[in-house]
Amino acid sequence: MIELRNISKTYAKSGTKAVDSLTLQIPEGVIYGFLGPNGAGKTTTIRIMTGAIAADSGSVLIDGIDLDKSPIEAKQRFGLVPDTPDLFSKLRAYEYLNFVADVYRVPTAARISVIENLAARFELSDVLKSPISSMSRGMRMKLNLIASLVHSPHNWILDEPIVGLDPHSAFALKELMREHTAAGGTVFFSTHVMEVAERICDELAIINRGKLIFTGNLEALRELRESRGVKPGSEAGDESLEALFLALVEDSGGLKL
Amino acid sequence: MSQRPVSPFMALLTMNLKSLFSFHLPDKRKLASPKVILRTFGWIVLALFLLADFGFMFAMMDIGMYDALAPLGMQSLMLLYAIVTASVLVFFFAFITSLSLFSSAQYEALFLTMPLKSSSLLLGRMATVYAIEAPIAFLVMGIAAAVYGIKAHPGFDFYLYMLFNALAMPLVPLAISYAVLVPLMSASRWLRRKNTLLYIGGFIGLAVALGFNYYLQTMMGRIENPALLQKMLTPNQLNFAQVADWWPPAWLTMQAIARSGTPGAIVATLANLALGAALTAAVAFLFGRGYVRILATFGETHAVKGRLSRSQAGSLFRARPVLLSLVQRELRLMNREPSYFLNGPFVILLLPVIFALTFVAQGDEMRNAVTQLRPHLAGPAEYLIPAGLGIFFATATSIACTAFSRDAKSLPLLKSLPLQPRDIIAAKLVHALIFAALGIALGTVGGSIMLRVDTLDAIVAFLLSVSGALALTMAGLAIDTFWPRLSWENPIAALKRNPNTVIALLGSMGLIVGLGILAVTLPSAKYTFAILYGMVFVAACVALGLVLSRAGPKRLRQMEP
């Protein structure tokens, strides 16, 4: 379980308030989607949530452990898939995976088992000896997915994970998310595409200009759509939740340009 | 008012030149900041200093040569020297620049989707190389023309011939460079990789710089001896002056100068320009398609296919202590990035080569200097010089003072891992110290042997260099921990254009020289300074250790790329 309590963050250089008094509770056994247009504050929230940057105020709890007070224990409890898959491109795939496994202190036999299993699932078994620089964006993303799970974390945090994945790998990822939550784990992932969230999420939060503008499950979102006068089955109602997402964003002050 | 659109080729040429010379003076609003004013002023001073430095060097050589040859009535040979020097320099620069610019082929490949002729694409790139070469030819020949003009008062047409021949000088090397490189790169996939090019370009560049250094030192030695100089510059001798006989641009330039005031000079100058232009156009036309094929296939990489066997997996995925894993990561990331390796660890190997070359070029002078210096090394200098050399070599790699700047892109991920910030800092220190140890071994041991110091002084020098190098490495790491450069687009900016590199390098040089002067100036017992400096270094290590272990982790948590 992940909890964000009244998180705020203003970037000193630009003076932009990237996250504004954000409170979220991501329960166990749930795939939680974090939606918002580009520049809404999704990556900043994830960076705060994972200890990459410090919040100006508020706190983050990972399985009840305060990230600020006990960072090492808290970080052992999650795995992160960053939004930039081209990190450490000078390393070979196995070197990167082994580095991450060393950092999480995963025993040799356990890391081999997890890596072999996931590499087979994402069809990377044949290229583990390759330099990361020789891999496509999709392959690098898959490598990051494996790295994030090498220590079998309870909480799985993914920043825009679907971007660059082929349909087969996207399907494998969705299956993996389901398995993770079925085993009692938490999945928190960000996306700017409503359609992706609609297909995968059990619950979701929508953020714009650093502020939370909706939290709840898909049913609540559909009810909100109906309360706005769009009947299910009508032409407007059939156009998925994308239009409602855009309308919510528009109501909360439009896109940040 | 409507403007006529420029031709596609001119648009391409403008884009290439703008990309290459992307200097932007800050606007009025930014100039209100004292920091920006200081930085802009600093860059202008640096540019002027570099220009003046090279200009002064060539001017001194030209003046020395003219004065040495004038009594023999052979002063015009100074111009021959300048023309040959310009030809050789321009040729090397043309080749290195042409090669290096291929490393941006992946970006240039975007132009392949536009309706541009292949010959135009190559010609556009050749024009960019020309824009780099031409100022070199102008600098070398312009200074020679100025020196000769002031001393010999030639007619006005002399300056015109020098100017137009300087314009023509870079064209033939440019054409030859691409005529060689395009087929070569077409034939080898290995050459069509950015890293390969950076390494090859870097090594050739260093070799040329070392060769140029050797040449300058040799020439400086010969200027003192007119007989040697005359022998070297006489065309019938088998030496570099013969370049003017068989290198058409140099030969035509010499013909133009020699026939000043006659139609022959105009014909020679026009022939030089026509030869260069014709060869350039021919190469663009003949090799344009090949060039486009290189752009289209540049940087193609192939994954290393092959499933890991059970035993391979067992050995490759063996668990290691976190600190060891972090140090290995530091080593791999630095040594596998050419711009980091060539400007970092490679410096340790390069510095002894420069020293060795200087020794070979000015062997007698150096040996005499050491022999003359030896009797004066009775005091603390006997151990301070080898110690200073060791400290300088140990801190010349810029590893510590750019440790966090280089890591800017991976910091968010690194900070999200369950790592003690102290371990991350320690790994960066260990990485820098591995190469510092090599620097101490080369500098202190090499220096002790060169100066023939006794064993006790060598041991004292070693201990001093170890404590000094440790203190300065920690200081460099502290600078980059508290003031890292985290915003950059190109790895070169993280290391070469990082102010911390300059601060650390100049700081260590200043400190070494300052402590040396202090020891020589203040009268005291021989080993007083060893004890005093040793204590200062150890105290600095303790203080910096406390800063890095206590304030460092807090600062790392605050770092936001």
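User: Which residues of the largest nonpolar core touch the most other members?

Analyst: The model is predicted, and its largest nonpolar core has 144 residues. Members from both chain A and chain B stand out in it by the number of other members they touch. They are Tyr96(A), Leu97(A), Leu143(A), Ile146(A), Ala432(B) and Met474(B).

User: Which helix gives the most residues to this core?

Analyst: The core holds 144 residues. One helix of chain B, covering residues 455-482, supplies 14 residues. The helix that gives the most is H22 of chain B.

User: Which residues does Ile146(A) touch, leaving out those up to four places away in sequence?

Analyst: Ile146(A) is one of the core members that touch the most others. With residues up to four places away in sequence left out, Leu97(A), another of those members, is still among its contacts.

User: Is Arg121(A) buried, exposed or partly exposed?

Analyst: Arg121(A) is in helix H4 of chain A. A residue is buried with 20 or more other C-beta atoms within 10 Å and exposed with 12 or fewer. Arg121(A) has 17 C-beta neighbours inside 10 Å, so Arg121(A) counts as partly exposed.

User: Asn6(A) and Glu160(A) each have a positive phi although neither is a glycine. Which of them is buried and which is exposed?

Analyst: Phi is about 50° for Asn6(A) and about 50° for Glu160(A). Asn6(A) is in strand S1 of chain A, whereas Glu160(A) is in the loop between S7 and H6 of chain A. Asn6(A) has 12 C-beta neighbours inside 10 Å, and Glu160(A) has 22 other C-beta atoms within 10 Å. So the buried one is Glu160(A) and the exposed one is Asn6(A).

User: How far apart do the C-alpha centres of domain 1 and domain 2 of chain A lie?

Analyst: Domain 1 of chain A is made of 27-55 and 157-257, and domain 2 is 80-153. Their contact takes 13 residues from domain 1 of chain A and eleven residues from domain 2 of chain A. On the domain 1 side, strand S7 (155-159) and helix H6 (167-182) of chain A give two or more residues. The C-alpha centres of the two domains lie 26 Å apart.

User: What separates the centres of the two domains of chain B?

Analyst: Chain B has 25 helices and zero strands. Its domain 1 is 59-297 and its domain 2 is 322-558. The contact between them takes eleven residues from domain 1 of chain B and ten residues from domain 2 of chain B. Taken over C-alpha atoms, the centres are separated by 38 Å.

User: Which helices do the buried residues of H11(B) pack against?

Analyst: Helix H11 of chain B covers residues 248-258. Its buried residues are Pro249(B), Ala250(B), Leu252(B), Thr253(B), Met254(B), Ala256(B) and Ile257(B). They pack against helices H3, H6, H7, H10 and H12 of chain B.

User: What percentage of chain B is made up of buried residues?

Analyst: The C-alpha trace of chain B spans about 75 × 65 × 60 Å along its principal axes. Chain B has 561 residues. The buried part is 38%.

Conventions
Residues numbered from 1 in each chain as written. Chains lettered and ligands numbered in written order. Predicted model: local features only at pLDDT ≥ 70, side-chain atom pairs only at ≥ 80, totals over all residues. Domains from an automatic or database assignment. Contact = placed C-beta atoms within 7 Å. Helix = DSSP H or I, 4+ residues; strand = E, 2+ residues; numbered from the N terminus. Core = buried A, V, L, I, M, F, W, Y, C linked by C-beta atoms within 7 Å.
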